There are 2 protein chains.
Amino acid sequence: MIPDEDFDARAADAALTASRALMGVVARSVAGVLEIVTLPQFRVLVLLDTSGPLRMGVLGEAIGVLPSTLSRAIDRIVEAGWVRRTTRPASRREVLIELTPAGQNLVTHALEQRRDNIADILSVLSPDQKSAIVSAFELFARAAGETSSKDLLILGI
Amino acid sequence: MIPDEDFDARAADAALTASRALMGVVARSVAGVLEIVTLPQFRVLVLLDTSGPLRMGVLGEAIGVLPSTLSRAIDRIVEAGWVRRTTRPASRREVLIELTPAGQNLVTHALEQRRDNIADILSVLSPDQKSAIVSAFELFARAAGETSSKDLLILGI
DNA sequence: CACAACAATTGCAAGCATACATTTATGGCG
DNA sequence: CGCCATAAATGTATGCTTGCAATTGTTGTG
């Protein structure tokens with residue numbers, strides 16, 4: 001009989017290896033984008049994609065940078081055409097940041113490419129194997145619990 | 001009967017979700033390090049960890065930066081104590097870069113933390129579930145093929 | 001040995017992120 | 001209405017990365 005620790009260790013190692021494979025997929029999907037925008041800039045775009053338009057304060061809080069840092073970062077990506085500043089009539093001292101269609105495209109495209117890459121990898125497997133992977137991945141994701149967006153933003157996901 | 005495309009789509013989605021969970025783990029393990037060294041600097045350390053001591057030229061080629069960029073980057077992480085410059089007696093125009101014990105620790109610690117985080121997640125599962133995950137992850141990693149270090153370096157893995 | 005090829009570094013310059021302090025505009029409250 | 005709090009932007013400064021061009025030191029070759 002196999003001792004529990006050994007079994008657990010093998011499980012963790014397998015997950016680590018799979019994580020390398022998955023990260024490779026992610027890295028490739030991000031690589032293209034990083035030739036267009038910087039990682040901190042991409043983080044902003046991803047956050048706006050998942051959360052919709054946000055105030056400067058909220059946005060800065062979410063990605064963990066000071067207001068002054070964010071203000072200048074927004075300057076640059078507004079200049080580049082990925083986002084837009086909107087002053088809300090209700091409270092004219094608050095500034096809403098929202099994705100432009102171009103910015104939306106940029107994020108959507110990166111996510112779609114990642115999904116396609118994964119589909120490519122799975123395409124060589126038999127239906128049985130695929131279904132085993134689906135169950136296992138769903139199981140793992142559930143065990144991991146809600147992955148906080150904050151963590152993922154570090155990598156610009 | 002379920003059409004193939006639907007099934008494939010669900011598989012890719014499950015993999016995507018699992019990838020978010022795994023990347024959360026990776027992100028957390030990287031987050032701590034990024035308060036100590038920058039991402040490009042961490043890339044250098046990770047590469048030296050997996051490849052051993054490297055010449056400036058090879059190192060620059062591997063992480064895709066110009067020699068001048070690398071030279072100054074090395075200046076800084078030498079100054080910080082993570083790596084060491086070694087002039088090889090055999091060819092005095094070549095400079096070998098190698099991790100110091102401190103640099104080695106930094107990388108090792110980040111990887112260990114990632115592995116521990118994964119083990120934590122798996123700890124709530126039953127042996128059967130764990131074994132299903134192990135098989136599925138091993139299967140996926142094999143299907144993904146060799147993940148090039150070059151890709152992974154983008155994210156500093 | 002002289003000269004070309006190579007390895008690494010340095011000079012010079014730009015862009016980006018970041019931080020702290022200050023300023024401007026606006027909103028809320030007594 | 002006047003004052004204070006709030007939201008964002010600016011002034012100022014530092015450090016990292018990146019790029020192109022020029023330089024220094026070293027190796028190998030004719």
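**Sheet in chain B**

I started with B:R84 and found its bridge partner in β3(B) to be B:E98. The model is predicted, so I took local features only at pLDDT of at least 70 and side-chain atom pairs only at pLDDT 80 or more, while totals for chains, interfaces and linings use all residues. Side-chain values use heavy atoms, without hydrogens and water, residues are numbered from 1 along each chain as its sequence is written, and chains are lettered from A in the order in which they are written.

Next I followed the strands (DSSP runs of E, at least two residues, numbered from the N terminus; helices are runs of H or I, at least four). Five bridges join β2(B) to β3 (residues 95-99) of chain B, and the two run antiparallel. Strands count as paired if DSSP finds at least two bridges between them. I read the open sheet of three strands as β1-β3-β2 in chain B, with antiparallel pairing. β1 (54-55) and β2 (83-87) of chain B each have a single partner strand, so one side of each lacks a neighbour in the sheet.

**Aromatic pairs**

I then searched the whole structure and got three aromatic pairs over all chains (ring centres of Phe, Tyr or the six-membered ring of Trp within 6.5 Å; planes under 30 degrees apart are stacked, over 60 edge-to-face, the rest tilted). A:F137 and B:F137 have ring centres 4.9 Å apart and planes at 75 degrees, so I logged the pair as edge-to-face. This pair crosses between chains, from helix α6 (residues 127-144) of chain A to helix α6 (residues 127-144) of chain B. I noted A:F137 as buried, at 0% relative accessibility (buried is under 20% relative accessible area, exposed over 50%, partly exposed in between; 1.4 Å probe, protein chains only). B:F137 is buried too, with a relative accessible area of 0%. Last, I found one aromatic cluster formed by A:F137, A:F140, B:F137 and B:F140.
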